[in-house]
Amino acid sequence: MTWSATARGAHQPDNTAFTQQRLPAWQPLLSASITLPLFFCAGLAFIGLGLGLYYSSNAIKELGYDYTGNPGTGDCSLCGVADQDRAPPPSCRCAWNFSLPELFQGPVYLYYELTKFYQNNRRYGVSRDDAQLSGLQSALRHPVNECFPYQFSAKGVPIAPCGAIANSLFNDTFTLWHQRLPGGPYVEVPLDRTGIAWWTDYHIKFHNPPLVNGSLALAFKGTTRPPNWPVPVYQLSPDPNNTGFINQDFVVWMRTAALPWFRKLYARIRQGNYSAGLPRGNYRVNITYNYPVRAFDGHKRIILSNISWMGGKNPFLGIAYLVVGSLCILTGFVMLVVYIRYQDQNDEAEDQE
Amino acid sequence: MMWARHKMDNEVNNRTCEVIKDGRFKVTKWKEIQVGDVIRLRKNDFIPADILLLSSSEPNSLCYVETAELDGETNLKFKMALETTHQYLQKENSLATFDGFVECEEPNNRLDKFTGTLFWRNTSFSLDADKILLRGCVIRNTDFCHGLVIFAGADTKIMRNSGKTRFKRTKIDYLMNYMVYTIFVLLSLISAGLAIGHAYWEAQVGNYSWYLYDGEDSSPSYRGFLNFWGYIIVLNTMVPISLYVSVEVIRLGQSYFINWDLQMYYFEKDTPAKARTTTLNEQLGQIHYIFSDKTGTLTQNIMTFKKCCINGKIYGDHRDASQHNHSKIEQVDFSWNTYADGKLAFYDHYLIEQIQSGKEPEVRQFFFLLAICHTVMVDRIDGQLNYQAASPDEGALVSAARDFGFAFLARTQNTITISEMGTERTYTVLAILDFNSDRKRMSIIVRTPEGSIRLYCKGADTVIYERLHRMNPTKQETQDALDVFANETLRTLCLCYKEIEENEFEEWNKKFMAASVASTNRDEALDKVYEEIEKDLILLGATAIEDKLQDGVPETISKLAKADIKIWVLTGDKKETAENIGFACELLTEETTICYGEDINALLNTRIENQRNKGGVYAKLVPQVQEPFFPPGGNRALIITGSWLNEILLEKKTKTSKILKLKFPRTEEERRMRTQSKRRLEAKKEQRQKNFVDLACECSAVICCRVTPKQKAMVVDLVKRYKKAITLAIGDGANDVNMIKTAHIGVGISGQEGMQAVMSSDYSFAQFRYLQRLLLVHGRWSYIRMCKFLRYFFYKNFAFTLVHFWYSFFNGYSAQTAYEDWFITLYNVLYSSLPVLLMGLLDQDVSDKLSLRFPGLYVVGQRDLLFNYKRFFVSLLHGVLTSMILFFIPLGAYLQTVGQDGEAPSDYQSFAVTIASALVITVNFQIGLDTSYWTFVNAFSIFGSIALYFGIMFDLHSAGIHVLFPAAFKFTGTASNALRQPYIWLTIILTVAVCLLPVVAIRFLSMTIWPSESDKIQKHRKRLKAEEQWKRRPYVFRRGMSSRRSAYAFSHQRGYADLISTGRSIRKKRSPLDAIIADGTAEYRRTVES
């Protein structure tokens, strides 16, 4: 040390921990005492989590039916044939009959599932106008260009809601019927179709344009329905809290899926006698078959499922945790063996030095 | 960096000197000096241009200059003006009207040659290098001088020698560029592949999916083509554009750390280290070869009288007046001697005792000899004696004699006045037998006031011992003493004398006169005559002079050698001095086998022969097996001279004449022949150069002496070219500028007077020893930091970007991004940049002390172990695998899932948030794993980045911002809905764990199985810290083993004997004898010379 604290050169650098690169620091090292316990603990924890996930997933009951209507697959094949030539096909009805030997633990959810449907295609995914959907007047009349070719109708009238996503709104409908006693009458099971969208979507992201004279229809005046829709947006439901842009089926559809096979919630079954689940008995789902999927080799399914704390049935995560956990423990043992072997060697080598 | 250079240039450009303008001398800036100006320079001024000396304040218009900046030689040189200009151009008005016309050679780089003619007053005078003062030299011992500017600015010889300024870039820069190109290629390939995929998908699926109808009937291949560009845009984050900026930021930070380092700050001169180029730092960790200047860099350019051997006894150890050794003893007090300059640090009180008591007459005679036998000139300034010596060694000896009571007071053309222990005596000089490099000795014959004639002689031991009288009792003891001195790398001289009979002298003097006037081979004749009188000498003793090294040079060199760095010393000084310094700084040791240039000629020639025989015409096609020149093992050093280098490398001289003969090729055939022979010559030259470099690099040390600045640069360039190794040149003077510019990294020693070296350097500091800290600590750290940074950067971008690639297989190759747009924008800026930047700035695997203690740690950089193509691809692979994990685990988790409340979280936006969260956590934890030096800032930045990510995400997904900008922020509510689900958190945790645990396992295993040097040291950090400060190996003194003899203390030039005997340098007022040319010798000499 050639410098002193008293006399200081004009160009002398500061003697601080930072400038002298002496900042106090922790220098962690991947030593055996850290790594090995880490792997064993992580392994055990993962196996525990994996078991939990796996059993919760297995405990979930799921019942599904493919009603695409490929030839010879049952009731819906007639509708499926009609689907062949697209551009709104005539409405067709079919049904799915099933029976439950025991109580289907509630709450039960009714989903529809589409496969080979690329909602995540970029061109499709951008074809919407969030400003319009949030109820902005200006956007209502002037949809963004991304909506093309569903921006304006042939006559130049703005389409509301614009875009390909809205235009391809899923429009099959289902009703669930329960036959309590064999040979008895079918009673309609009440389907709760309101609480199916995210709270944030329903309350924040989607808004109807301000009512004109208390009328939603007038609010949408000067716009037209998407070409594929049979009714304008304000007639999606008679319920004023569930029509227009905040119609929950519409909101659910507009939340595009990540993968080309996806489920969307259709209804909850939680009312009346069915709050505890679906009691044993025969059931029938009446399907209004509107939505064409066979053109692109897609499939439609209807699914009844209950859920657990981790959501719907999916064994993947549980199995993945089990595998990773086991691998951790295995690696832990390998590392332990290697460590013991090489530790001796290193010690010897050092002794020789 | 450029700013620093600009500032320096500015400083030099604005230095001032006096120029005649409108008939008067006016202070002018250097930059305004033009060819043809007449300028006045004062003592200790730097010479601003190459100028013709017109006149000076000294007799005969002599002018002394120090050329250390130019050639590294430390002795003063004298220049002399033309007789006419000396006579007529002393006054300002005469200078102002000076109207001479100079015709001279073109500007060139030869420092020792100048040809030109001055036409003035209808007479022409020929001009040579003796009349030219070169830019870069310093005026010494001359009050003022006047000169005519011949070459200015870039035409000056020094600038011609300084080479081109190159824009330097590091090895990693080049590598990085190639890697970025590689990534570009990868990007295009991936995009093309995905575009083809899209075209295929459109044809198979898209065309049938009515819901995708977009109103345009483009063909699938056209859509594929459009998507190619789409993917170029989506995947462009693979190409690390921000890398370049970040790299520069890190380098800048590292440069500041160098500037701030107190341990490279030289307190005495208040000079901190300075990184003048901020873009080369990591290259400091990859140095293979260091090329060092000697004078001013390794040595301090101070000679001190250290020890002596008188009458067989060694003086100079630490002991008191009664010969007892003490390790700590006060310096000898010279205050009894009025002439002492008090600068000498001497610790042997016994020698003083001996001198004062006068018990041994040899002791006094010894110092008397030192005071009388030399060619030093004296000058009195304010009553103080001021010696001007041709070589610093001689100056040191005469000064030492003065301190010990024998002060050389004055000299005239044929007398010398000496104060002997207070009494002044004047001796008549009968003859000065001057030094030259063949004689290696000088003698003086004087007549004492009592009338007896004596010859005093000093010289190299080898030549003196041959000429000693048979009866010399102290011969063996002195020999032993010389060995001891040599072992301590002191430079030695033997002193002896003899009495001459009057008639013997008369006889000899006749021969001497005759030889002096010989018109042919005068020098030879003189040497012969000298030889006759210099025999049967009586040995007095030997002196030992230390060429003082800079502090810590041997330690630094040995450290650097342990770091596998080879050190070459390139000096303009002579061979013996260079070799001596080689030993002094432990570059050469007793075990080293020293090869001289002449020795290896044979080796090189055989090699050439072999190559010719083996390869013949197809030499280039045959893979060359390079067997080493030397048998393996053993420590070798090479000492070569500049002229040998020229010869062996076929520079210039040879063959040029042959080519000239073929000047005008007539036919096509001839032209072809000519180009062919030219090419062959070129190939041969290349071969020889390569062989030389191969050979030299087998030696552990190389010393090149008598090399010009140009040659210094050439040597550096050779190694650069043929070894593909990173080179560093360090020097202090203008003669080092070229090599500093040529080497990958140039280091200038700052704090000295001259600034040329510093100005062209990339790094500067005040002491050679700081080099070890610059390389072993800063260089190594910078290299490791940069490598870690780059590896991580490539990894991080690949892990981030390739998720799009995997996703494209599930979205019809439609260029859909896997993240929110805002996340893509902010990822590189906010979420992953700060921790890696901080690691690049602050990381250190082992502390500076340990880095210095274990120089072996340095080799990682030299061998490019931490960043190369393999490491690059491993990083990419790591990134690719991470991106796969990041995509496929969430994919599995999202296969059919529905949320905890039954609502579907398998939507695109939740998926994007899940992957993004896992990615941010993974890359930030990964940098945590990579960081080996966790300061609070690192910890803060890592956890801060993650927190920032979540904070910003929740903000961007909030209701408030949606209300403000409903169209810009489309992810409203996603974060809160998705991250509410334990299932998604479990997915994120699993993803992060699967990304990181294998890394931990692999690191642990490789550390256990193949621990690197740094791993081992880190492991034992605590123990090492506890250990005491590393002790240097005790110095083992090997008496009598020495086989080498160190250099004698003389300049390699003739001394001033000529000047003295001709009386030219003696001021008229002091030497009335000057006019009367009493001494025949002088008269003859002068006539012959002029």
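**Note on the predicted two-chain model**

1. In chain B, helix α16 spans residues 553-562, and its buried residues are B:Val553, B:Pro554, B:Thr556, B:Ile557, B:Lys559 and B:Leu560. The structure under discussion is a predicted model. The spacing of these positions may be read against helix geometry. An α-helix has 3.6 residues a turn, so residues three or four places apart point the same way.

2. The partners of this helix come from several parts of chain B. The buried residues of α16(B) pack against the strands β14 (287-292), β25 (538-549) and β26 (566-570). They also pack against the helices α17 (575-584), α25 (770-808) and α28 of chain B. After α16(B) comes B:Asp564, which has a positive phi near 70°.

3. Helix α28 of chain B, one of those partners, covers residues 848-853 and includes B:Lys849. B:Lys849 counts as exposed because its relative accessibility is 60%, and buried would require under 20%. This lysine belongs to a surface patch of positive charge, together with A:Arg22, B:Lys1022 and B:Lys1025. The patch therefore draws its residues from chain A as well as chain B, since A:Arg22 is listed with the three lysines of chain B.

4. A surface patch of negative charge is formed by B:Glu501, B:Glu504, B:Glu507 and B:Asp536. B:Glu504 is located in helix α14 of chain B, which runs over residues 502-517.

5. Chain B as a whole contains 39 helices and 33 strands. It has 1090 residues, of which 60% count as buried. Among the contacts in chain B with a separation of 6 or more, 75% are between residues 24 or more positions apart. The accessible surface of this chain is about 44,800 Å², and carbon and sulfur atoms contribute 56% of that area.

6. Cis peptide bonds occur between A:Phe148 and A:Pro149, where omega is about 5°, and between A:Ala160 and A:Pro161, where omega is near -10°. A:Pro149 lies in the loop between α5 (137-141) and α6 (164-167) of chain A, and A:Pro161 is likewise placed in the loop between α5 and α6. Most residues other than glycine have a negative phi, and most peptide bonds are trans.

7. Positive phi values are also found at non-glycine residues. For A:Asp297, phi is near 65°, and this residue sits in the loop between β10 (281-289) and β11 (299-305) of chain A. B:Asn122 has a phi of about 65° and occupies the loop between β8 (116-120) and β9 (123-127) of chain B. B:Asn122 is exposed, because its relative accessible area is 86% and the threshold is over 50%.

8. Beyond residues up to four places away in sequence, B:Asn141 touches B:Lys43, B:Glu58, B:Tyr64, B:Leu76, B:Asn386 and B:Gln388. B:Leu127 is 14 residues from B:Asn141 along the chain, and their C-alpha atoms are separated by 23 Å.

Key: Residues are numbered from 1 along each chain as its sequence is written. Chains are lettered from A and ligands numbered from 1 in the order in which they are written. This is a predicted model: local features need pLDDT of at least 70, side-chain atom pairs count only at pLDDT 80 or more; totals for chains, interfaces and linings use all residues. Side-chain values use heavy atoms; hydrogens and water are left out. Patches are made of residues with over 30% relative accessible area and no salt bridge: like charges are joined within 9 Å, nonpolar side chains (Val, Leu, Ile, Met, Phe, Trp, Tyr) within 5 Å. Accessible areas come from the Shrake-Rupley method with a 1.4 Å probe; for residues, only the protein chains shown count as cover. A salt bridge is a side-chain nitrogen of Lys or Arg within 4 Å of a carboxyl oxygen of Asp or Glu. Lys and Arg count as positive and Asp and Glu as negative; His and the chain ends are not counted. The place of a charge is taken as NZ of Lys, CZ of Arg, CG of Asp or CD of Glu. Helices (H or I, at least four residues) and strands (E, at least two) are DSSP runs, numbered from the N terminus. Buried means under 20% relative accessible area, exposed over 50%, partly exposed in between (1.4 Å probe, protein chains only). Contact means heavy atoms within 4.5 Å.
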